[in-house]
Amino acid sequence: FSVASLKTIQALNSRYGFTSGESLLAINSRNDKPVILASLIQNNILADQGTTTYQGLVVKLEEEGGGSEIILLTPKRNITEAQLWNIAKEYEKSVPEIVYAEPDITLYSATSTKGSKAVSPTPVSPSSLKKSVALEKKWWTKKEKNHNLRARLQFALTSTFTPIAILDSGLDMAHPYVTGRVWQNTNEKPENYKDDDANGFNDDVYGWDFTTNKGNSVNDDIGHGTHIAGIITKYAHSATGKADGNPIAALKVFDKSAESKLSYAIKAMKYAIDNNIRLMNISFGTLIDSKALKDMTEYVYSKGGFVVAAAGNNNTSKPHYPAAYEKVIAVGALNTAGEKLAESNYGDWIDVYAPGERVLSIIPQNRYGYLSGTSQAAPFVTAAVANLLYADPNISVEDVIAKLKETDFMSMSGPSPYDKE
């Protein structure tokens, strides 16, 4: 950094009340370790730690020698998103080393809400559930004659499985349907408040809660993440939901208000890759083309990772991100007739469609419930990708998409209590 740039950053941070947040991602840097943020702190440019309560700025800085780093600047007060966009432009214009700056935008679930913000599934009674399951099997069976078993995509016979990161609202690990399928960081000792494996996270035994920056609990407050986990559990190397398949890593990026932040998603994706979790299910997104989110998906791809993302529920052909980014597998939703779900986004940027209307799956407290949307379509595809990765760990994204297009996802339905009968 030039002395002039350091002074400019100091002045801008002082003017708008930004303090040092954290390094989100170092790209092509010295062993991918943060460099720029450390140098700024050493120069007392970013003296205080600030708070993550308020929406901040995500800034990408160039390093001398060609590397770059994405950092989060957090303010001491609330700043509106409109103001943040203007401030971001000022940072970009004033500091040559800044590649881009953008607000830490809000990300939303890709579950249909019918005008409501809530995404929690409604529990169903045993009597209504039994009736609904019968109806589901009716349309499922009607298409069975055209089903050539590609929907299950080579269920494995051995015990080597692809871990799957679910970036969502958490997971009810006690639900019997996922018992034995929860990913565990075996290098970490639980509840000793230490970072045993020196990966930067204390007590991240079963994943991490990026909304509170804690690892001692990834409990699902709204049921959305658990619902998705049930679908993946049913089809990823297991037709019965038994504990014989891919481990599920719960990376919690949604809080009780069913909202997430760009910075949560970036940190969760990096956490997954750093822990050798190559496959990620992202059932959320935004219509804003975030440069930082694009950089993160490209970073995941460069490390051999696969991202399956919901296409969104705006009933528009406008791209929804991260689904619309190159190398990300974008999933639209179908209704029970095999047609596009009314609210599902559409367009040539979508790679594959899967069931998304009133999908039955597990929810917290050993219950089952229905949700609709591209959120529910994505995990069907994620499970299929997991099976393809098991069959060929070196398979390309392009070959995966080609095989997905040949898959009869309409013969799939979400998990029910009767799967094990």
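Are Phe 254 and Phe 284 buried or exposed? Phe 254 is buried, and so is Phe 284. Buried means under 20% relative accessible area, exposed means over 50%, and partly exposed lies in between (1.4 Å probe, protein chains only).

This is a predicted model, in which local features need pLDDT of at least 70 and side-chain atom pairs count only at pLDDT 80 or more, while totals for chains, interfaces and linings use all residues. Residues are numbered from 1 along each chain as its sequence is written, and side-chain values use heavy atoms, with hydrogens and water left out.

## Overview

The protein chain holds nine helices and 17 strands. Helices (H or I, at least four residues) and strands (E, at least two) are DSSP runs, numbered from the N terminus. The chain has 421 residues, and 57% of them are buried. Its accessible surface is about 18,000 Å², with 48% belonging to carbon and sulfur atoms. Areas come from the Shrake-Rupley method with a 1.4 Å probe; for residues, only the protein chains shown count as cover. Among contacts with a separation of 6 or more, 75% join residues 24 or more positions apart. Contact means heavy atoms within 4.5 Å.

## Strands and sheets

Strands of a sheet pair through backbone hydrogen bonds, either parallel or antiparallel. Here, two strands pair if DSSP finds at least two bridges between them.

Strand β9 covers residues 248–252, and five of its five residues are buried. Ile 248, Ala 250 and Lys 252 point one way, while Ala 249 and Leu 251 point the other way. Strand β7 (residues 164–168) runs parallel to β9, joined by five bridges. Ile 164 stands opposite Ile 248 there. Strand β8 (residues 207–209) also pairs with β9 in the parallel sense, over three bridges. Asp 209 has Lys 252 as its bridge partner.

A separate topic is the open sheet of three strands, in the order β10-β5-β12, with antiparallel pairing. β10 (259–261) and β12 (284–285) each have a single partner strand, so one side of each is left without a neighbour in the sheet. β5 (residues 106–109) meets β12 over two bridges. Tyr 108 stands opposite Gly 285.

## Nonpolar cores

A nonpolar core is a set of buried Ala, Val, Leu, Ile, Met, Phe, Trp, Tyr and Cys residues joined through side-chain atoms within 4.5 Å. The largest one has 47 residues. Leu 167, Phe 210, Leu 251, Val 253, Met 269, Met 280 and Phe 284 touch the most other members. Elements giving two or more residues to this core include β7, β9, α6 (262–274) and β11 (279–282). α6 gives the most, with nine residues.

Phe 210 touches Phe 201, Leu 251, Lys 252, Val 253, Tyr 264, Lys 267, Ala 268 and Tyr 271, not counting residues up to four places away in sequence. Apart from this core lies another, of 42 residues, among them Val 182, Val 385, Ala 386 and Leu 388.

## Aromatic pairs

Rings of Phe, Tyr and Trp (its six-membered ring) pair if their centres lie within 6.5 Å; planes under 30 degrees apart count as stacked, over 60 as edge-to-face and the rest as tilted. The count comes to nine aromatic pairs. Two of them are tabulated.

| Pair | Centre distance | Plane angle | Class |
|---|---|---|---|
| Phe 254 and Phe 284 | 5.3 Å | 65° | edge-to-face |
| Tyr 321 and Tyr 325 | 4.7 Å | 35° | tilted |

Phe 254 sits in the loop between β9 and β10, and Phe 284 in strand β12, 30 residues apart. Tyr 321 counts as buried at 11% relative accessibility. Tyr 325 is buried too, at 6%. Ring pairs also link Trp 183, Phe 201, Trp 208, Phe 210 and Tyr 271 into a cluster.

Helix α5 (residues 224–235) has twelve of its twelve residues buried, so it is largely enclosed by the rest of the structure. Its buried residues include His 224, His 227, Lys 234 and Tyr 235. Just after α5, His 237 takes a positive phi of about 65°.

Ala 354 is found in strand β15 (residues 352–355). Ala 354 counts as buried, at 0% relative accessibility. Leaving aside neighbours within four places in sequence, its contacts include Val 331, Leu 334, Phe 380 and Phe 409. Ala 354 and Glu 339 are 15 residues apart in sequence and 9.8 Å apart in space, C-alpha to C-alpha.
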